[in-house]
Amino acid sequence: MPNPAKAAFVEELARRFGAPRKLEHSESLYEVGRDAVRLYFRYSKKHPRNRTFFGLRRVDLQALEGHHGVLCFFWEGQREPLFVPFGEFEE
């Protein structure tokens with residue numbers, strides 16, 4: 001079952017800006033608008049001691065370089081996503 005916070009976010013995103021388009025060679029990287037922004041969706045289940053783990057693929061991060069991008073983190077039981085602008089993460 002998909003994460004409800006992610007499903008609600010994608011639904012609202014599509015309503016406002018049109019359906020996100022998945023980029024080739026990635027299951028988690030999407031583009032919204034006319035190359036306006038790239039979104040990198042990452043999901044983690046909760047592990048023991050209420051911990052999460054988000055594996056970030058180098059090839060996906062490289063596809064964000066030179067573009068406006070946002071890392072979008074989702075986890076089990078989450079009410080709101082966590083967004084990190086790629087520019088703040090990049091270095």
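## A walk through the fold

The protein chain has three helices and five strands, where helices (H or I, at least four residues) and strands (E, at least two) are DSSP runs numbered from the N terminus. Keep in mind that this is a predicted model, in which local features need pLDDT of at least 70, side-chain atom pairs count only at pLDDT 80 or more, and totals for chains, interfaces and linings use all residues. Residues are numbered from 1 along each chain as its sequence is written, and side-chain values use heavy atoms, leaving out hydrogens and water.

Start at the N terminus and you'll read the elements off as α-β-β-β-α-β-β-α. The radius of gyration is 13 Å, close to the 12 Å that the globule rule gives for 91 residues, so the chain is as compact as a globular protein of that length. That radius is taken over C-alpha atoms, and the rule is 2.2 Å times the number of residues to the power 0.38. Of the 91 residues, 32% are buried; buried means under 20% relative accessible area, exposed over 50%, and partly exposed in between (1.4 Å probe, protein chains only).

Now for the inside. The largest nonpolar core has 10 residues, including Phe9, Tyr30, Phe41 and Phe74. Such a core is a set of buried Ala, Val, Leu, Ile, Met, Phe, Trp, Tyr and Cys residues joined through side-chain atoms within 4.5 Å. Helix H1 (4–17) and strands E2 (29–32), E3 (37–44) and E4 (69–75) each give two or more residues to this core. Apart from it lies another core, of eight residues, among them Leu23, Tyr40, Leu61 and Phe73.

Take a look at H1 itself. Its buried residues are Ala5, Phe9 and Leu13. Seen down the axis of H1, they fall within an arc of 65° and so line one face of the helix; the arc is that of the directions from the helix axis to the C-beta atoms. The cover over these residues includes E2, E3, E4 and E5. Just after H1, Gly18 takes a positive phi of about 95°.

Leaving aside residues up to four places away in sequence, Phe41 touches Lys6, Phe9, Val10, Ser28, Tyr30, Cys72 and Phe74, a contact being heavy atoms within 4.5 Å. Pro81 sits in the loop between E4 and strand E5 (82–85) and is partly exposed, at 24% relative accessible area.
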